[in-house]
Structure formats: structure tokens, C-alpha cells
Amino acid sequence: MNVFFNMLTGWQWGLLAAIPFAIVALYFLKLRREPVPVSSTYLWRRSIEDLHVNSLWQKLRQSLLLYLQLLLIGLLILACLRPSWQSQQLLGNRFIFLLDNSASMSATDELPTRLEMAKKRAEDTIRNQLKPGDTAMIISFSDSARVEQPFTTDHLLLLKKLAAVQPTQRPTDLTEALRAAAGLANPGRTAADTRDRPAADAQPAELLIFSDGGLAAPPDFSMGNLRPVYIPSGKSEAENVAIQAFQVTPRPKQPDQLDVFARLANHANQERTLRVALHLDENGEDRLLDFQEVTVAANEGRSVEFQLQQLTEGVFRLVVEDSDHLALDNVAHCVVNAAHPAEVLLVTPGNEYLQLALNTADIRQHAKISVTAPDALIGETYQKAADQGNYDLVIYDHCAPPQLPQADTLFLGRVPPTKEWAALPAQATPQIIDVDRSHPLMYLVEMSDVLIAEGTPIKGPPGHEVLVDSDIGPLFVIGPREGFRDVVVGFELAGKSEQGESYRNTDWPWKLSFPLFFKNIVEQLGRPSVDSLWANVRPGQEISLRATAPVEEIDVECPNGEHVKIARGLENRFLFGKTHQLGVYRVREGGAAAEQVDQRFAVNLFNAVESDIRPRPVVETAYDKI
């Protein structure tokens, strides 16, 4: 088909279009002649004809010069239009097929799906337009790229690999695919085949991109010798309604009740009335909890809320029951795991006030408290448990370990055994002058009325925060440590005189702020067994899991039934990255054969770009227009 590219501005086109009219107008201008008497007009017939031509209402006589002038102007205008010819005919003999298999390519506005239609177009190109001896390769991409078939002249092998490309449930990102194409466009000699010859340094290749649009290359990417050709997918009438957010959280001060929040988006040019159903999976049985009918305006979003009672955990499923062209985002899952008690170890020579503060009903609800003496710090049992991350929180009273454990810590009257921490000389009767009440550890903790006999200012590591400051220096300090947190209190609860007699160093244990502080410590530092009780991730996102027991390996069951074994890493954490499928993942600490599921987490699409399946123009980038 013919294609023209504009290279002039509006006023320049206006000036150019006026030139032909100006040329014709010159032929209408009347000449100014001086009258001269003659004896005969026989020899002046040509002059008489000129008089007729200069009459405004007479037809122009045939003038070859006029036609040549108009033809020249016409050619000039055509040249400014930069005419070219575009078609699907491929040039050259090297081709790279980029096939988009992201979530939006599962849309059904093109039957059976956009991906299948894109594969059919690619197949037709291979069969009908590639000549014998032409070299081609296939790369599929979503947010990552995969070389399905390297460069080959075997067109039957290309068709086989093309048919094997499967859809994914991941978002779209052209970056990695373009870099893979650029890196493989000019392969050199391989040792496996002595017949292969080195490719020229500048060997162009056609880059055929089969996608539904919305693509952009990285700003610093250069196409070089790649010539991009975009083959679009999708129909203009495509429309979709998507679940963009879904969260279930306990209601404040009413832990036996749950608040459910969801957000819907209508990616269509007309209003939609939808039926939204909330389900609960109980031991493999599906139960309908509630439903609503909501109206979502065109190209707008709408929030949906539910309130549930007598529920504290479970696998919740939200379903938009109305059909559209993309089913992947009509279902979302949210997991509320049971809160496993945090493992807290108290190391103390004996402190009844401290043990009473850690024995309140609120703390027992969140933590399992173990007590041991400082002598155990040099024992093999403690050292192994500390190194394996069996504890969530360790509290050291009047003591310090040889090395820090794989856990959060609280030091009372001591500093951690690292060079980043230091205790300055002790001073008598420090006065508290400031408390960081915005920090979660100091929530509702009032320290202004606390008396201290002797205190030690604390110097923390880089990035530390001062929780309580005094006239002699910081007394409460929290500092980071490779994913953990260490809290240091710069005074002892009780001291010993030179004669070995115990004495009270502070009246803090008799204040209401004392049990409140330790409640905050356990709730904030005694973390649950997973990063979040409401674990939700997006496709391809890595999640960090923590086991509830000291195991070396866990089993993760994917939504399709596949089992993946994960070895324990640092901090008693298990990193899982195969979150390619939408749905609920089940974690078993006793192996795949175990019946008990210890944890669950959900993977949802929640991607506005993928859910808006209406055909989008390809983004104009710095390298070219595809």
C-alpha cells in the first residue's frame, strides 16, 4: 500500500499550494501596450490573439510552457510527501520473530485467543514469505524473554517450536526480548558446527513483533541493524472488567471479624452492572459467603466492601461472574494465615518483674516465651538454634552472647558484641528529655516519670534511631543488622553493689509503660512465620517464607499441582520465585506427602496495563516507530 510521510508544517504547505495558482494567474495578466497606427493588420494576427488571451474571461490557449511549470510544481509537492510503499513482503534473509505471550494475549476477542491468532500469523509468514535458505529465530516474551528456537534455516523446525509456545499469566515488558534479539542477531562461529561461518559485523535482520501493543523499548536501547515490523493483535471492540485489588484484614479491636476490600475497573466505553461473589475455601469445599451487584461507569473504577464475622483465617476467593474477553482477572484470591506464635527466648539470671511483664495475656497470644540462664549462651544447643534462626526474638538481660543470633534482639543494660555498638561511660541519675512516640516500639509508652539511678549512653551503628534520649545521651536505641533489628536499653533494671547485694536501678517495672513496652517489643520484633499474614504477590514476584519449625527444606505446591522443594537460606528464610501461575500456593514443612498445610499465599494479576485489553498504539520510542 502507498504511504506518505509529512515533512512540512501547515504554513509551508499553504505557501507551496499557492504557487500553481500564482503561475496560472500570470497568464491572466493584461499587458500594457502603447497604441501605434499601422497600414494593415495582416502581419499582426498573432498580436491580436495575445489580446484575446489576456482577457480574463477567455479560455487559456494551449501553452506547453504552462504545463511544464505546473508539472514541475506537482513533482515538488510529491517529493515533499516522501511517498513510499509498505506491505507485508519481507526483505532480506534473516528474521527474528518476537511473540508476546503475556497475560493480555489470552484475551478471546480473537478466537480462540490472541496468542493463537498471533501464532497463526507467524506461521503464515514462515510458510509463505520465507524463502529457502532464509534464516530465522523465535523469541517469546512477557516480562522476561525466552529463546524458543535459535537461528536456523530449517523452517519445519521453526513451525514446530512456534506451535509449542504457551501463554503465560505475567505482565508485558519488551526490554529483555529486544536485548536478546540484538544480542543474537549477529551470531559468530560456533565450535559445534565447523560449517558455520562468522556473521558480518553489520548484518541486518527483520524484527517481527507479534503483540497487542503498548510496547516501549528502554531509553538507552538502539535497534542498530534490526528493522522492526509490528503485527498487531486484538480487535477494537475488546472490553474487560478486572479485579485490581483484593484484601482481607481483621477489624481493629474485633479480631474475630474481617473486613474485605476490593476494587473493580471497567476497561470499556460503556457502563457495566456486575455480580460480584465472595467465596471461602474450607478444607477443599467452596462456600458462598456474600455477593453484591455493583455498577461501574465506563473507563472508571469502583470499590466493593464486605464485612465478615466469626472468621479469623481462610482462603478467600472473589469472582466477577459476568463474562468478558479476559477471564484471568475476573478471579482473585486472598489468604489469611493463622498467626503462629513468635518464638521468644529470654536469657536472664532471674528477674521476676521481667518475667511477669512477658507473661501477660496479650503477649501470650502472640508469642511463646522460653526462659534460660546466661550460662546456656556458651552451650551447643543454644548456639545451633540461634544460628538456624529458630528464634524470632531473643531478650538478653544482664548478659550478651558471644555472637549475635539469626533473630531480632533486645539488650537490657548491655550492648551487642559488635564493633558498631558501644557503651559510653555510665553516669548517675540521667533525666529523660525526649521520647520518639511515633515509633511503633514506643506506642503509648510514657517515660517522663521514670527514675533511673545509673544509666549508660549508647552509640549505635549507621542507620540507628534514638527512641529515648536523656541529658547524658541516648538511652533507648534501635539499629539495623542484615535484615534484623537490635534494640538496646542503656540501663539495668536491677544492679549489684560491690558487696554483691542486689538493688533496684529504676522504678520503671512499677510503671504502666513497662508491660506496654514489652508488648510492643514482642508484637513488632517477634515476627510471624511469614512476611505477612495476608501474603499476596504478583506473577513473577519473589516471596520470602519463614518456617514455623526448624526444618532444612519446605515443599511448595503450585496451583497446577506441581511441587517445588526449597532449601533453607539465611535467617531461616526460604526464597520462592516460581510464582508464574495465578492462584493459591500451599506450603508444607513436612514435605509433599504431609497432609497438613502450614502456610498459604496467593498470586493475583492486579495489573491495569494487562487488564486493559483494548488495542493500544505502539509507543513511539527513541529508536524508531515500530
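This is a predicted model: local features need pLDDT of at least 70, side-chain atom pairs count only at pLDDT 80 or more; totals for chains, interfaces and linings use all residues.
Local features need pLDDT of at least 70 and side-chain atom pairs count only at pLDDT 80 or more, while totals for chains, interfaces and linings use all residues. Residues are numbered from 1 along each chain as its sequence is written, and side-chain values use heavy atoms, with hydrogens and water left out.

An open sheet of 5 strands has the order 5-4-3-6-7. Its pairing is mixed. Strands (E, at least two residues) and helices (H or I, at least four) are DSSP runs, numbered from the N terminus. Two strands pair if DSSP finds at least two bridges between them. Strand 5 (145-152) and strand 7 (226-232) are the edge strands, each pairing on one side only. Neighbouring strands are turned by 15 degrees against each other on average, direction ignored. Strand 4 (residues 135-141) runs antiparallel to strand 5, and 5 bridges join the two. Ile138 stands opposite Gln149 in strand 5.

Two helices pack on the sheet. Helix 4 (residues 114-128) touches strand 3 (94-100), strand 6 (205-211) and strand 7. Helix 5 (residues 155-163) touches strand 3, strand 4 and strand 5. Contact means heavy atoms within 4.5 Å. The direction of helix 4 makes about 170 degrees with that of strand 3; helix 5 makes about 170 degrees with strand 5. Axes are lines fitted to C-alpha atoms, for helices over the stretch in contact, and angles run from 0 to 180 degrees between N-to-C directions.

Glu148 lies in strand 5. Its relative accessible area is 15%, so Glu148 is buried (under 20%; exposed is over 50%, partly exposed in between; 1.4 Å probe, protein chains only). Glu148 touches Ile138, Ile139, Ser140, Lys161 and Val165, not counting residues up to four places away in sequence.

Leu66, Ile73 and Cys80 are buried. They cover an arc of only 50 degrees around the axis, which puts them on the same side of helix 3; the arc is that of the directions from the helix axis to the C-beta atoms. Leu64 and Leu72 are exposed on the other side.

The largest nonpolar core has 37 residues. Such a core is a set of buried Ala, Val, Leu, Ile, Met, Phe, Trp, Tyr and Cys residues joined through side-chain atoms within 4.5 Å. Helix 10 (residues 513-525) gives the most to this core, with 6 residues. Apart from it lies another core, of 25 residues, among them Leu274 and Val320.
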